Structures are given as C-alpha cells and as structure tokens.
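Biologist: Could you take me through how some of the helices pack in this model, and where a few individual residues sit?

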Amino acid sequence: MKKSLLIVLLLIMVLPKQTYAQNKGDAAAGIAGGLLAIGAGIAAVEQMKEKAELTATQWILTNRPELTSFSLKTLDFNGKKLKDMSAVSVISFKIQEFTPADKPELDGKKQVLFGFTSSGWISEYGIDFEKVTWYLIDDAEWLNMMVAYVKVSSGESDEASLEVTLKEGKVVNKGVKVKSKLVIPFFKLTGDMYVVTDYSSEMKLLYNERSLGIFLKATSDLVQIGRGDIIKIHDFFFDED
C-alpha cells in the first residue's frame with residue numbers, strides 16, 4: 001500500500017510539470033507562428049506596394065511621355081494590413097517633377113495619379129491591375145474637384161470664393177476649416193444618404209458622411225476616398241514646400 005501510494009504521489013507531482021512544459025512549448029510555437037504570419041503579411045504588403053509603384057510608373061511612361069524626370073510615391077500601403085488593402089477602392093500616387101542634377105530637389109510640377117480599383121482587385125495571387133482604372137490630375141483639376149465637392153456637400157455656390165477658401169484651408173469631416181475655424185459646414189447626413197453632382201464626362205462626385213464618392217461612368221464603379229486621404233492630397237498640392 002505504501003509503495004502504491006508513493007507511485008501515485010510521484011505521478012501527481014510529475015505530470016503537471018510535463019503538461020505545463022508542453023503547454024509552454026505550444027504557446028511559444030504559437031507566438032513564433034504568429035510573428036512569422038505578421039512578418040509575412042508585412043512583406044506581402046511591401047511587395048504589393050513595390051508592384052503598384054512599378055505599374056504606376058509604367059503607366060506614366062506609356063501615357064505621359066513628356067514626363068522625363070519625376071518622383072513617384074504611393075500615399076497608401078504604409079502601416080496597412082492585407083485585409084485593409086483589400087477594402088481600398090483608390091490607390092493614390094504622389095508625382096513631382098525635378099531637374100536632373102546631383103542630389104536634385106523635388107521642386108517641379110506636382111500631380112496625383114489615382115488607381116481606381118474594382119471588386120476582386122486583390123486576391124491570394126496578388127494585385128490584378130486589369131481591375132485598376134488610372135486617372136491623372138494636377139493641382140488645378142484637384143481644386144476643381146474640391147470646389148464641386150464642397151458645393152454639393154454644403155450648398156455654397158460662389159466658386160471663386162470657394163477656390164480661395166480651399167487654398168487656405170482643409171476639408172475635414174464637418175466641412176472646410178481655415179486654421180481652426182469651420183468656415184463652411186457640410187450637410188449632416190446619415191450613412192445611407194448621398195448628394196450627387198455630375199462632375200464630368202468621366203465621373204460623378206458624391207457627398208456621403210465622411211467620404212468623397214466617385215462614380216466612374218465607364219465601369220459603373222463607385223469608389224470612395226476617405227477624409228484622411230483627401231487631406232493628404234490637399235496638403236501635397238497646397239501646403240508642402
């Protein structure tokens with residue numbers, strides 16, 4: 001009896017330690033696997049970014065041969081996860097010309113290239129650029145778009161005044177701010193309400209709470225540019241040195 005009791009006690013003492021060690025090993029393996037998955041996700045996004053910038057550069061070389069010295073950088077991808085990118089409906093690229101020299105400065109004309117995406121543009125195989133529509137604009141075109149957008153978002157109609165205000169201010173969630181003052185408030189809408197203006201032969205602009213909607217007539221795709229991206233583009237054209 002004493003010998004059997006001793007064996008039972010030894011088993012009770014040893015088995016929890018073995019189980020704990022096994023669980024600890026499984027946890028460590030799980031953490032390592034998670035870190036690898038995170039690393040793979042970051043690498044995949046970085047690869048997509050490089051591919052997107054390469055494809056955008058090829059588009060510029062094919063469609064804008066007059067641009068012979070320029071910088072091209074995406075406004076997207078940084079800090080985003082794969083699942084975030086799959087929901088993106090517009091990829092934006094900052095383009096600025098420069099004069100070739102040793103350590104040149106970016107001091108030439110600024111433009112933004114939009115890549116409007118269609119459903120399924122990202123899959124397990126990467127980016128399908130057949131599902132991306134390209135649209136290049138300069139600061140004048142962007143200002144025209146913002147004037148049209150603010151008009152439909154607020155009811156303001158004085159285009160000359162709006163141009164001055166937009167150059168001085170920024171489009172935020174509630175309207176247009178100059179410094180810290182809200183000078184043009186936007187209509188308060190619910191998430192399922194839209195106000196539309198027929199901007200050009202290529203697109204309609206839609207005001208919806210917190211976003212700029214663009215309806216592409218050629219593909220019948222409705223894409224959205226978030227308020228944060230609107231601010232980045234506006235700053236690129238009018239605030240950066």
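Biologist: At what angle do the axes of helix H3 and helix H5 cross?

Modeller: This is a predicted model, in which local features need pLDDT of at least 70, side-chain atom pairs count only at pLDDT 80 or more, and totals for chains, interfaces and linings use all residues. Residues are numbered from 1 along each chain as its sequence is written, and side-chain values use heavy atoms, with hydrogens and water left out. Helices (H or I, at least four residues) and strands (E, at least two) are DSSP runs numbered from the N terminus, and axes are lines fitted to C-alpha atoms, for helices over the stretch in contact, with angles from 0 to 180 degrees between N-to-C directions. The axes of H3 (residues 139–154) and H5 (residues 227–238) come within 10 Å, and their crossing angle is roughly 140°.

Biologist: Which residues of H5 does H3 meet?

Modeller: Contact means heavy atoms within 4.5 Å. From H3, the residues taking part are Asp139, Trp142, Leu143, Met146 and Tyr149, and their partners in H5 are Arg227, Ile230, Ile233, His234, Phe237 and Phe238.

Biologist: Which residues of helix H4 are buried, and what is the arc that they cover around the axis?

Modeller: Buried means under 20% relative accessible area, exposed over 50%, and partly exposed in between (1.4 Å probe, protein chains only). In H4 (residues 159–168), the buried residues are Leu162, Thr165 and Leu166. The arc is that of the directions from the helix axis to the C-beta atoms, and these residues lie on the same side of H4 because their arc is only 95°.

Biologist: Which residues are exposed on the other side of H4?

Modeller: The buried residues of H4 have a cover that includes H3, strand E7 (170–172), strand E8 (175–178), strand E9 (181–185) and H5. On the other side of H4, the exposed residues are Ala160 and Glu168.

Biologist: Is Thr55 buried or exposed?

Modeller: Thr55 is found in helix H1 (residues 2–63), and, leaving aside residues up to four places away in sequence, Thr55 touches Phe129 and Trp134. Its relative accessibility is 13%, so Thr55 counts as buried.

Biologist: What separates the C-alpha atoms of Glu209 and Leu189?

Modeller: Glu209 lies in the loop between strand E11 (203–208) and strand E12 (211–216), and counts as partly exposed because its relative accessibility is 39%. Not counting residues up to four places away in sequence, Glu209 touches Leu189, Thr190 and Gly191. Although Glu209 and Leu189 are 20 residues apart along the chain, the separation of their C-alpha atoms is 5.9 Å.
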